[in-house]
Amino acid sequence: MKKNLLAIIILALLLVNTGMTGFMMLTVMTTNNQAVALIGDIAAALQIEANGGENGQGFSGSATGNVDIANVDSYSIPDMTITLKDSGDGKTHYMLCTVVLSLDKSNEDYATYGTAESIVTYQDMIKSKISSVIGSYTLDEIREHEDDAKATILEEIQELFGSRFIYDVNFTGNVYQ
């Protein structure tokens with residue numbers, strides 16, 4: 001009789017232990033999921049990819065991580081004249097520049113969109129994105145916030161293509177009037 005009573009007590013303790021373990025796992029997993037969601041929201045706000053970028057080398061400031069110099073190609077759109085937003089001084093201001101797009105040849109979309117023959121077909125759409133972004137700045141704003149304008153142009157172009165094979169935008173030979 002003592003052995004049966006002891007077995008019943010052990011079984012009861014085993015069931016209580018299993019129940020408490022299950023309860024603890026549910027509470028820990030809920031808290032863990034909330035923490036992961038918060039971290040994901042913060043990473044999205046900072047535009048950081050949780051997996052370290054497409055190449056696994058992320059957090060470098062470029063959209064696709066570090067691109068090996070052997071995989072870099074560039075495409076220039078020369079002599080773009082863009083009318084700037086009215087600054088209220090009664091004069092029309094312009095920005096004249098050459099826009100240089102840096103392309104990642106190792107990206108799978110490069111063969112589709114980035115080759116010299118194919119990117120030319122998209123040049124007018126790219127120019128339109130550049131003009132709309134730069135045209136939203138006044139003369140003083142574009143001089144002060146050129147890096148912000150580049151980042152916005154990059155986002156717009158990447159959204160246009162639905163790809164990150166273009167990973168950097170630069171201006172050369174800027175002339176403001």
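Is Tyr-167 buried or exposed? With a relative accessibility of 12%, Tyr-167 counts as buried, where buried means under 20% relative accessible area, exposed over 50% and partly exposed in between, using a 1.4 Å probe and protein chains only. The structure is a predicted model, in which local features need pLDDT of at least 70 and side-chain atom pairs count only at pLDDT 80 or more, while totals for chains, interfaces and linings use all residues. Residues are numbered from 1 along each chain as its sequence is written, and side-chain values use heavy atoms, with hydrogens and water left out.

The overall architecture comes first. The protein holds 6 helices and 3 strands, these being DSSP runs numbered from the N terminus, with at least four residues for helices (H or I) and at least two for strands (E). Read from the N terminus, the order of elements is α-β-β-α-α-α-α-α-β. Of the 177 residues, 29% count as buried. The accessible surface comes to about 11,400 Å², and carbon and sulfur atoms account for 57% of that surface; the areas come from the Shrake-Rupley method with a 1.4 Å probe, and for residues only the protein chains shown count as cover. Among contacts (heavy atoms within 4.5 Å) between residues at least 6 apart in sequence, 64% join residues at least 24 apart.

The interior can be described through its nonpolar core, a set of buried Ala, Val, Leu, Ile, Met, Phe, Trp, Tyr and Cys residues joined through side-chain atoms within 4.5 Å. The largest such core has 28 residues, and the members that touch the most others are Val-99, Leu-101, Ile-130 and Ile-134. Two or more residues of this core come from each of strand E1 (72-83), strand E2 (94-104), H4, helix H5 (139-144), H6 and strand E3 (166-176). Setting aside residues up to four places away in sequence, Ile-130 touches Ile-77, Met-80, Ile-82, Val-99, Ile-153 and Ile-157.

Two packed helices are described by the angle between their axes and the distance between the axes. For helix H4 (residues 123-134) and helix H6 (residues 146-161), the axes come within 9 Å and cross at roughly 145°; axes are lines fitted to C-alpha atoms, for helices over the stretch in contact, and angles run from 0 to 180 degrees between N-to-C directions. The crossing of H4 and H6 is right-handed, a term used when the near helix is turned clockwise from the far one by less than a right angle, anticlockwise being left-handed. H4 contributes Met-125, Ile-126, Lys-129, Ile-130, Val-133 and Ile-134 to the contact, and H6 contributes Ala-149, Thr-152, Ile-153, Glu-156, Ile-157, Leu-160 and Phe-161. By class, this contact has 10 nonpolar, 1 polar and 2 charged residues, with Ala, Val, Leu, Ile, Met, Phe, Trp, Tyr, Cys and Pro counted as nonpolar, Asp, Glu, Lys and Arg as charged, and the others, Gly among them, as polar.

Leu-154 lies in helix H6 and counts as buried because its relative accessibility is 12%. Beyond its neighbours within four places in sequence, Leu-154 is in contact with Ile-166, Tyr-167, Asp-168 and Val-169. Tyr-167 itself is found in strand E3, and its C-alpha is 9.6 Å from that of Ile-157, 10 residues away in sequence.

Thr-138, in the loop between H4 and H5, is buried because its relative accessible area is 11%. Apart from residues up to four places away in sequence, Thr-138 touches Leu-84, Lys-85, Asp-86 and Ser-87. Gly-88, in the loop between E1 and E2, counts as exposed at 65% relative accessibility. Gly-88 and Thr-138 are 50 residues apart in sequence and 9.2 Å apart in space, C-alpha to C-alpha. In the loop between E2 and helix H2 (110-114) sits Glu-108, which is exposed with a relative accessible area of 64%. The C-alpha atoms of Glu-108 and Arg-164 are 9.7 Å apart, and the two residues are 56 apart in sequence.

One backbone detail remains. Most residues other than glycine have a negative phi. Asp-79 has a positive phi of about 50° although it is not a glycine. This residue, Asp-79, is found in strand E1 and counts as exposed, with 59% relative accessibility.
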